[in-house]
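Take a moment to look over the sequence and the model. The text below goes through the structure step by step.

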Amino acid sequence: RFYDGSVQTLSLSELRSCEQQCRQVVTLLEREARMALLQGSSGPAIDDLLSAIKALQHDVCCLTGAIRNYTEVSKR
């Protein structure tokens, strides 16, 4: 929906749902990365996975901050 341009506006509940789902994905990816490292996996694939996790964590933090800012402004 986002990439094809069909989303004009999002509700706060949709943003919070997106945030929660992204956090769940981060948790699952972190678990998979830990398991792979414990099993001795290494190399570019693991490095790419860890990099993707870090990038997604950053994006989630940005989304969380945007939601917080929005709710603070809308309370005024």
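Among contacts in the protein chain with a separation of 6 or more, what percentage comes from residues 24 or more positions apart? In this predicted model, such residues account for 69% of those contacts. To see the elements involved in the fold, start with the secondary structure: the protein chain has two helices and zero strands.

Helix α1 covers residues 12–38, and helix α2 covers residues 44–75. Two packed helices are described by the angle between their axes and the distance between the axes. Here the axes of α1 and α2 come within 9 Å and cross at roughly 155 degrees. Angles over 145 degrees count as roughly antiparallel, so α1 is roughly antiparallel to α2. The crossing of α1 past α2 is left-handed. Sorted by class, the residues in the contact between α1 and α2 are 19 nonpolar, three polar and four charged.

One residue can now be followed more closely. Thr-71 lies in helix α2. Is Thr-71 buried or exposed? Its relative accessibility is 15%, and buried means under 20%, so Thr-71 counts as buried. Leaving aside residues up to four places away in sequence, Thr-71 touches Leu-12 and Arg-16. Both numbers fall within the range of residues 12–38 given for α1.

Finally, consider the protein chain as a whole. It has 76 residues, of which 16% count as buried. The accessible surface of the protein chain is about 6,100 Å², and carbon and sulfur atoms make up 55% of that surface.

How values were computed: Residues numbered from 1 in each chain as written. Predicted model: local features only at pLDDT ≥ 70, side-chain atom pairs only at ≥ 80, totals over all residues. Heavy atoms only, no water. Axes fitted to C-alpha atoms, helices over the stretch in contact; angles between N-to-C directions. Helix = DSSP H or I, 4+ residues; strand = E, 2+ residues; numbered from the N terminus. Parallel < 35°, antiparallel > 145°, perpendicular 65-115°, else oblique. Left-handed = near helix turned anticlockwise from the far one by under 90°. Nonpolar A, V, L, I, M, F, W, Y, C, P; charged D, E, K, R; others polar. Buried < 20%, exposed > 50% of the residue type's maximum accessible area, 1.4 Å probe, protein only. Contact = heavy atoms within 4.5 Å. Areas by Shrake-Rupley, 256 points an atom, 1.4 Å probe, with all protein chains shown as cover.
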